[in-house]
Amino acid sequence: MINKKIKTTGLFLFLLIGFSCTKPVDINQIRDLVLQPVVESSLIFYKASAKDFFIGGIEQNTAEDFIEIDFFNNSFVQDNLIKAAFVFNVENSINRGYQLRVSFLDASGQLLERFTVNTNASLITPLLKQPIQKFSKTNL
């Protein structure tokens, strides 16, 4: 009796799986497959507190820094980079908004691209923001 139930259940499952709704799979699609790697990396880390904007007791309205990111000078990157997205993890814990201006220059110092990340003042708790600036092949 138990043996008959097992055979019946097995036959039912075989029919269910064997004749369920499926589409034929075209294995030749693998020839059209193009794999493109995605690389994520931290390029810059900067931390400043409110006191860093005071020099000799005088508040500074602007601060500048210049960083050369040599990553883009690699011939492999120049030949194969399709898209780039810059994600800025910003935490503002002071009661003052600010702007982060990012400029990309070529080897002779000419401006290639510029964008601004605006951050509002944080009144009570640190304000977290994650703006994204995207570039594609046409404007890399």
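Okay, one term before we start: a residue counts as buried if its relative accessible area is under 20%. Keep that in your head, we'll need it for some rings.

So, what you've got up there is a predicted model. How many helices and strands are in the chain? There are 2 helices and 8 strands. If you read along the sequence, the pattern goes α-β-β-α-β-β-β-β-β-β.

Now the burial. The chain has 140 residues, and 10% of them count as buried.

Searching the whole structure turns up 2 aromatic pairs. One of them is Phe86 with Phe104, a tilted pair, 5.4 Å centre to centre and with 45° between the planes. Where do these two sit? Phe86 is in strand β3, residues 83-87, and Phe104 is in strand β5, residues 98-105, so the pair links distant parts of the chain, 18 residues apart. And why do we call Phe86 buried? Because its relative accessible area is 14%, and the cut-off is under 20%.

Then there's Phe104 with Phe115, also listed as tilted: 6.1 Å centre to centre, 40° between the planes. Phe115 is in strand β6, residues 111-119, and here the partners are 11 residues apart. Phe104 and Phe115 are both buried.

Last thing, contacts. Take the ones between residues at least 6 apart in sequence: 57% of them join residues at least 24 apart. That's me done, thanks!

Terms used
Residues numbered from 1 in each chain as written. Predicted model: local features only at pLDDT ≥ 70, side-chain atom pairs only at ≥ 80, totals over all residues. Heavy atoms only, no water. Phe/Tyr/Trp six-rings, centres within 6.5 Å; stacked < 30°, edge-to-face > 60°. Helix = DSSP H or I, 4+ residues; strand = E, 2+ residues; numbered from the N terminus. Buried < 20%, exposed > 50% of the residue type's maximum accessible area, 1.4 Å probe, protein only. Contact = heavy atoms within 4.5 Å.
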